[in-house]
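Let's walk through this model together, one region at a time. Keep the viewer open as you read.

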Amino acid sequence: MDMNEKSAGRNTRLAVTDQEALQFHAQGKPGKIEIVATKPMATQRDLALAYSPGVAVPVRAIAEDPSLAYDYTSKGNLVAVISNGTAILGMGNLGALASKPVMEGKAVLFKRFADVDSIDLEVDTQDVEEFIAAVRYLGPSFGGINLEDIKAPDCFIIESRLRELMEIPVFHDDQHGTAIISSAGIINALHLTGRKLEDAKLVCNGAGAAGIACIELVKALGFRPENVILCDTKGVVWKGRTEGMNQWKSAHAVETDKRDLAEALVGADIFFGLSAKGALTPEMVASMGPNPIIFAMANPDPEITPEEVHAIRSDAIVATGRSDYPNQVNNVLGFPYIFRGALDVRATTINEEMKIAAVHAIAELARADVPDEVAAAYRGVRPKFGPEYIIPVPFDPRLISEIPVAVAKAAMESGVARRPIVDMDAYRQQLSARRDPVAGTLQRVFSKLKAEPRRVVFAEGEEEQVIRAAASFANQGLGTAILVGRRDRIEAAADAAGIDIHEGIEIVSVLESPRVKAYTDHLYERQQRLGFLYRDCARLVLDRNYFASSMVALGDADAMVSGTTRHFASVMADVRRVIDAKPHHRVIGISLILARGRTVLVADTAITELPTGEELADIAEEAAGAARRLGYEPRVAMLAYSNFGQPPGERTAHVKEAVAILDRRHVDFEYDGEMSADVALDPARMAAYPFCRLKGPANVLIMPAFHAAAISSGMLRVLGGATVIGPLLVGLDKPVQIVPLGARDTDLVNMAALAAYDING
């Protein structure tokens with residue numbers, strides 16, 4: 001990872017605490033990765049095929065034809081992330097072992113964004129020749145090598161030598177990742193300001209690995225060498241300078257009378273900062289040419305902030321390495337997809353042509369019209385190419401179907417692809433199918449909340465995991481977390497757990513609140529004809545769930561989350577006494593099942609035990625609406641044990657009735673039934689029913705009964721390796737979510753975010 005991508009852990013504005021970070025890495029299985037078998041290992045026959053004697057067959061085949069290793073092993077989708085820890089996170093030389101959490105993190109990003117399997121390897125030597133010798137013989141194991149966190153100039157030597165010695169891609173992301181993403185941004189910034197690459201004057205401050213790579217790439221893109229000035233801590237790198245020079249700096253020395261950064265920037269078009277906070281002063285910005293382009297990429301604090309720039313130059317375009325400003329230069333836009341394309345054509349290297357192809361693909365993606373799918377990630381705020389959108393965001397779902405295609409084409413055209421792709425359209429579709437829906441779904445929610453933070457009340461505020469979740473919610477910039485409970489107990493629990501109750505977290509003590517009477521009056525008005533006396537309501541309002549629900553009902557909070565200490569049904573009963581269903585809506589529970597690269601919504605998993613045909617139709621409409629608000633186009637399957645009348649039975653009558661009711665309602669989404677789950681989810685099985693109205697596998701499953709939904713989702717959670725989020729409450733007039741009993745702090749944060757996002761629309 002480059003310093004832009006990784007040092008967010010030190011970004012005070014993100015406010016990730018030390019304890020949060022340590023707990024995240026330690027909880028459950030320590031670390032962030034594990035090995036999962038891709039073939040069944042349940043029977044003796046499975047073992048015989050996987051190992052002895054069956055394994056001998058692919059062994060002999062690979063011995064005869066080494067290229068078959070890509071067909072019979074994981075080599076073709078496996079990258080090694082390798083470091084010696086000499087330049088970790090911009091923190092310096094902390095050693096190989098200390099780099100392991102970072103390398104695991106890189107492996108996770110490879111998997112998350114491009115479905116590339118990755119293993120981290122920490123090489124315990126700072127000797128360049130020893131490091132090269134350790135890595136060069138790993139070629140048979142991997143399809144590519146990603147070098148990471150290696151100090152300059154060692155990294156230049158190591159990458160160059162390994163590229164010569166190995167017949168698989170070797171890529172030092174600290175150098176090339178920043179260069180690729182920033183170059184894409186420069187192309188777009190120049191486009192917006194009506195300038196050409198060959199005429200633009202660029203000054204780069206920082207002559208480390210990333211700085212050298214950046215100016216090498218912009219020159220390859222078309223910048224004239226005489227228009228590119230490199231600066232370091234000694235000033236301008238000019239021809240004839242001897243102090244602090246090496247062969248890599250000397251290659252970019254220019255004939256100039258300028259000797260320091262301030263002089264170099266006079267009249268310049270572009271500033272590239274890969275240095276330190278404060279390196280670029282307001283006076284320097286003022287001296288630049290019209291419509292200056294400023295890429296202040298130092299982290300955690302840029303060379304100058306966008307606010308400081310715009311106070312001086314309203315005509316400037318600014319990018320940084322930070323996620324809390326527009327135009328983030330983030331390496332995760334590049335390396336996963338570059339390796340994806342290189343692996344898929346079995347490239348022998350990642351050459352200049354492939355890097356340039358990635359630059360143009362990223363730049364073009366930011367200029368392209370944003371389709372509905374991407375707009376859904378912003379909850380209706382459609383990003384538009386302009387000064388504050390010259391670089392795509394990391395969670396843009398189009399990245400995986402655009403960048404690898406461009407990289408693969410460039411590899412084929414430059415002659416380094418050993419297995420060319422014939423059908424690029426089919427390849428593009430395969431890439432889209434690889435996208436991980438888990439993080440994508442939640443990221444759409446988190447991105448929306450960071451843009452429009454909400455006040456969320458955590459009803460069980462005295463519990464440690466709830467306090468921890470509230471802190472995390474606030475630290476991530478999702479909004480204000482309100483803890484309900486006795487102040488002394490909350491503060492004592494927080495202090496014992498080492499959690500800082502800081503700005504962004506509020507404590508509301510029920511017994512001290514001036515709103516108790518208003519909440520009591522509200523509850524009494526609703527319940528007085530249902531057998532409740534005023535004193536009953538006064539007592540109930542002091543309960544955490546009644547109090548939190550009342551806060552949301554009367555507008556003192558935007559959303560609520562509860563359930564850690566009480567069963568779902570109990571919490572639901574409390575909430576429903578305070579909050580009604582949304583007019584003309586049915587309250588249901590929806591579980592998000594995320595497994596094997598797919599997202600499926602299952603309903604009703606919480607409320608209606610034995611729905612009638614009319615109720616099933618209502619549930620289908622409610623679930624389809626929720627799917628759309630989460631960014632999915634619904635394909636609804638009405639499930640049963642039978643498929644379109646076979647085998648016949650009385651218990652499917654209400655499912656058939658529901659389909660007929662939906663027909664009469666003329667709903668605007670795909671639906672059909674009755675059908676079994678395997679037919680609904682498997683296109684091959686669905687093909688046996690050519691009359692089926694679904695145009696693809698279902699992504700919304702309507703269960704015939706509550707018990708079927710609850711049992712199946714629970715089994716998938718525990719036995720199927722699926723991630724199950726929910727059940728999510730849909731249909732209430734105010735946003736409330738209920739977590740499972742004993743939920744972890746991560747679950748609480750996710751559900752709080754979903755409550756604040758309000759999937760009711």
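Val679 is buried, with a relative accessible area of 5%; here buried means under 20% relative accessible area, exposed over 50%, and partly exposed in between, using a 1.4 Å probe and protein chains only. You will find Val679 in helix 29, residues 677–681. Helices (H or I, at least four residues) and strands (E, at least two) are DSSP runs, numbered from the N terminus. Leaving aside residues up to four places away in sequence, Val679 touches Asn643, Arg685, Met686 and Tyr689, where contact means heavy atoms within 4.5 Å. Its C-alpha atom is separated by 9.4 Å from that of Ala637, 42 residues apart along the chain.

A word on the source: this is a predicted model, in which local features need pLDDT of at least 70 and side-chain atom pairs count only at pLDDT 80 or more, while totals for chains, interfaces and linings use all residues. Residues are numbered from 1 along each chain as its sequence is written, and side-chain values use heavy atoms, with hydrogens and water left out.

Now turn to a pair of helices. The axes of helix 27 (residues 613–629) and helix 28 (residues 653–665) come within 7 Å and cross at roughly 60°. That angle makes helix 27 oblique to helix 28, because angles under 35 degrees count as roughly parallel, over 145 as roughly antiparallel, 65 to 115 as roughly perpendicular and the rest as oblique. Axes are lines fitted to C-alpha atoms, for helices over the stretch in contact, and angles run from 0 to 180 degrees between N-to-C directions. On the helix 27 side, the meeting residues include Gly613, Leu616 and Ala620, and on the helix 28 side they include His654, Ala658 and Ile661. By class, this contact has 7 nonpolar, 2 polar and 5 charged residues; Ala, Val, Leu, Ile, Met, Phe, Trp, Tyr, Cys and Pro count as nonpolar, Asp, Glu, Lys and Arg as charged, and the others, Gly among them, as polar.

Another pair is helix 23 (residues 516–527) and helix 25 (residues 544–553), which pack at an angle of about 85° with their axes 10 Å apart. Helix 23 is therefore roughly perpendicular to helix 25. Val516, Tyr519, His522 and Leu523 of helix 23 make the contact with Tyr546, Phe547, Ser550, Met551 and Ala553 of helix 25. These residues divide into 7 nonpolar, 2 polar and no charged.

How well is helix 9 enclosed? Of its 20 residues, 18 are buried, so helix 9 is largely enclosed by the rest of the structure. Just after helix 9, Gly194 takes a positive phi of about 70°. Helix 6 is mostly covered too, with 11 of its 15 residues buried, among them Val102, Met103 and Phe110.

Finally, look at some backbone details. Asp149 has a positive phi of about 50° although it is not a glycine; Asp149 lies in the loop between strand 3 (144–147) and helix 8 (154–165), and counts as buried at 0% relative accessibility. Two peptide bonds are worth a look: the one from Gln646 to Pro647 is cis, with omega near -5°, and the one from Gly673 to Glu674 is cis, with omega near 0°. Pro647 sits in the loop between strand 17 (635–639) and helix 28, whereas Glu674 is in strand 18 (residues 670–675).
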